[in-house]
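Work through the exercises below with the model open beside you. Try each task before reading its solution.

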Amino acid sequence: MRLFFLKLGGSLITDKTRPFTARQEKLDDLAQQVAASGWQDGEFRLVLGHGSGSFGHAAAARHGTRDGVDSPEGWHGFAEVWYAAASLNRIVMQSLNAAGLPAVCFPPSAAVTTDGGRITAWDLKPLQAALASGILPVVYGD
């Protein structure tokens with residue numbers, strides 16, 4: 001079995017000129033394409049990812065969370081970025097669900113530890129169990 005990672009970029013699925021604006025028709029079309037792709041046919045499995053686009057990038061830039069978090073103010077910024085990214089993820093998940101896909105999101109912030117901008121630990125067991133069970137794992141830029 002081959003494993004593929006498909007990332008739907010934030011610029012593809014959101015209007016980056018308008019904050020908090022998803023491209024719903026694009027999302028629905030992409031979900032239908034994933035559903036028709038044969039992602040579950042035994043020859044390959046898929047992990048789907050998506051960016052934050054006009055949802056998370058403004059908050060991330062405002063709080064500098066890409067550079068790390070090491071203060072109470074930084075953690076408040078982290079929470080704001082998480083909330084914005086999770087808002088878009090909910091819209092993505094609705095499109096996937098409407099297309100009949102058994103998708104479950106795995107937010108990296110719940111399982112990934114970083115140091116200096118590099119991943120130092122990522123518990124992949126839940127994601128691997130989802131793949132083995134025929135579930136479409138979805139990760140996103142939170």
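Predicted model: local features only at pLDDT ≥ 70, side-chain atom pairs only at ≥ 80, totals over all residues.

Residues are numbered from 1 along each chain as its sequence is written, and side-chain values use heavy atoms, with hydrogens and water left out.

**Exercise 1. Helix packing**

Task: Describe how helix 2 and helix 4 pack.

Solution: 

Step 1. Locate the elements. Helix 2 covers residues 24-35 and helix 4 covers residues 72-98. Helices (H or I, at least four residues) and strands (E, at least two) are DSSP runs, numbered from the N terminus.

Step 2. Two packed helices are described by the angle between their axes and the distance between the axes. Axes are lines fitted to C-alpha atoms, for helices over the stretch in contact, and angles run from 0 to 180 degrees between N-to-C directions.

Step 3. Read the values. The angle is about 45 degrees, and the axes are 8 Å apart.

Step 4. Classify. Angles under 35 degrees are roughly parallel, over 145 roughly antiparallel, 65 to 115 roughly perpendicular, and the rest oblique. Helix 2 and helix 4 are therefore oblique to each other.

Step 5. List the contact, meaning heavy atoms within 4.5 Å. Helix 2 brings Gln24, Leu27, Asp28, Ala31 and Gln32, while helix 4 brings Ile91, Val92, Ser95, Leu96 and Ala98.

Step 6. Sort by class. Ala, Val, Leu, Ile, Met, Phe, Trp, Tyr, Cys and Pro count as nonpolar, Asp, Glu, Lys and Arg as charged, and the others, Gly among them, as polar. The contact of helix 2 with helix 4 has six nonpolar, three polar and one charged residues.

**Exercise 2. One residue in the contact**

Task: Is Ser95 buried or exposed, and which residues does Ser95 touch?

Solution: 

Step 1. Ser95 lies in helix 4.

Step 2. Apply the cut-offs. Buried means under 20% relative accessible area, exposed over 50%, and partly exposed in between (1.4 Å probe, protein chains only). Ser95 has 4%, so Ser95 is buried.

Step 3. Find the partners. Not counting residues up to four places away in sequence, Ser95 touches Gln24, Leu27, Asp28 and Ala31.

**Exercise 3. Aromatic pairs**

Task: How many aromatic pairs does a search of the whole structure find? Describe two of them.

Solution: 

Step 1. Set the rule. Rings of Phe, Tyr and Trp (its six-membered ring) pair if their centres lie within 6.5 Å; planes under 30 degrees apart count as stacked, over 60 as edge-to-face and the rest as tilted.

Step 2. Count. The search finds three aromatic pairs.

Step 3. Take Phe4 and Phe44. Their ring centres are 5.5 Å apart and their planes stand at 90 degrees, so the pair is edge-to-face. Phe4 lies in strand 1 (residues 2-8) and Phe44 in strand 2 (residues 44-50), so the pair ties together parts 40 residues apart in sequence. Phe4 is partly exposed at 37% relative accessibility, and Phe44 is buried at 17%.

Step 4. Take Trp75 and Phe78. Their pair is edge-to-face, with 5.1 Å centre to centre and 70 degrees between the planes. Both residues lie in helix 4, three residues apart, about one turn of the helix. Trp75 is partly exposed at 48%, and Phe78 is partly exposed at 27%.

**Exercise 4. Buried residues and their neighbours**

Task: Which residues are in contact with Asn89, and which with Pro137? Leave aside neighbours within four places in sequence.

Solution: 

Step 1. Start with Asn89 in helix 4. Asn89 counts as buried at 4% relative accessibility. Its contacts are His50, Cys105, Val138 and Tyr140.

Step 2. Move to Pro137 in strand 6 (residues 136-140). Pro137 is buried, with a relative accessible area of 0%. Its contacts are Leu46, Val47, Leu48, Val104, Phe106, Leu127, Ala130 and Leu131.

**Exercise 5. A positive phi**

Task: What is the phi of Phe20, and where does Phe20 lie?

Solution: 

Step 1. Recall the background. Most residues other than glycine have a negative phi.

Step 2. Read the angle. Phe20 is not a glycine, yet has a positive phi of about 55 degrees.

Step 3. Phe20 lies in the loop between helix 1 and helix 2. Phe20 is exposed, with a relative accessible area of 53%.
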